[in-house]
Amino acid sequence: MISIIGAGNVGSAIAFLCGTSGLDEVVLINRNENKAIGEALDISNAIPETSKVSIRGTSDYSAIKNSSVIVITASVGSHINTRSDIMLDQSKMISNLAQEISKYSPNSKILMVTNPVDIMTYLLQKLGRLKSQNVIGIASSLDSSRFRYILAKQFHTVQSEIHDAMVLGEHDDSMVPIFSQAKYGKTPIEELLTDKQKSQITSDVRDYWKSLRYFKGTSVFGIAKKTFDALKSITEKKPLDIIASTLLEGQYGFNNICMGVPVTINENGISKIHQISINDTEKVELSKSANVIQANIDKLNKFLNSTL
């Protein structure tokens, strides 16, 4: 069974993908129960005739009991300038969810979508005392897809011609596109771009959400598909290589922070953290990103110690 906490646009889109694919039973949980029930009623009509799965909506957290996977998309609001703007308000909600998950389904694999995703991934794992490999932040894979899209536009080609376009670090203003690994066909991207072009592309990747916000509002389909891919990997026990936020314990030289890095996930959660080769400039930028995350963790801990 898959439990999705948050029946807004993203949560409902993920539930829709699960339902239409017949992936597994889905419980959609929302503080406004009518919203969850309504979305479940609608999505139920998209389930294939040959599928045995069902979807239901509720506001009762006990419904997550014994879930194989829990997806968290719930949010108290939207950010204006950076994703960390709403960190403190989001943290109170995630703190409550940590208690519910620890109570009803502590062994579930958990996919965190709520922003700022690296901090919320860290917070849930620590407060819930959950296994680090079971708590996975889904966002850097979306950033990587945006990087691939922008590179394809740069070279006037299709996205399938761009390979190994990865974005590591924080899912916010300090994210680090890894140019040294990316290729256009078989040609290394670094051979094709000037430093000025790389700087502009980095800014475009970091600010992609602002273009979305201007034209339509928040991202829905991109993050929903990335989350569904991870759900499918876990549910069908098929390994998936992805960039995701996870707790680091020495990898890339960082300890006790969650940030986006290349991982393999399967039915056991994160089965491996991959340490790829990056150049010196990227190492410096990744270190800056880690420092930003650490500063936010310190700020969060201070806030929680004064309120909990």
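Predicted model: local features only at pLDDT ≥ 70, side-chain atom pairs only at ≥ 80, totals over all residues.

Reader: What percentage of the 308 residues is buried?

Author: Buried means under 20% relative accessible area, exposed means over 50%, and partly exposed lies in between (1.4 Å probe, protein chains only). By this criterion the buried percentage in the protein chain is 53%.

Reader: What radius of gyration does the protein chain have, and how many helices and strands?

Author: Helices (H or I, at least four residues) and strands (E, at least two) are DSSP runs, numbered from the N terminus. The chain holds nine helices and 14 strands. The globule rule (2.2 Å times the number of residues to the power 0.38, with the radius taken over C-alpha atoms) gives 19 Å for 308 residues, and the chain is close to this, so it is as compact as a globular protein of that length, with a radius of gyration of 19 Å.

Reader: Which residue of β5 stands opposite I72?

Author: Strands pair if DSSP finds at least two bridges between them. Strand β4 (residues 69-72) has V69 and V71 buried on one side and I70 and I72 buried on the other. Four bridges join β4 to β1 (residues 2-5) in parallel, with I5 opposite I72. β4 also pairs in the parallel sense over four bridges with β5 (residues 109-112), where the residue opposite I72 is M112.

Reader: Why is one side of β7 and of β11 left without a neighbour in the sheet?

Author: The open sheet of three strands is antiparallel, in the order β7-β10-β11. β7 (162-163) and β11 (187-188) lack a neighbour on one side because they stand at the edges, each with a single partner strand.

Reader: How far apart are the end C-alpha atoms of α8?

Author: The expected span is 1.5 Å times one less than the number of residues. For the 16 residues of α8 (residues 221-236) this gives 22 Å, which agrees with the distance between the end C-alpha atoms, 22 Å.

Technical notes:
Residues numbered from 1 in each chain as written. Heavy atoms only, no water.
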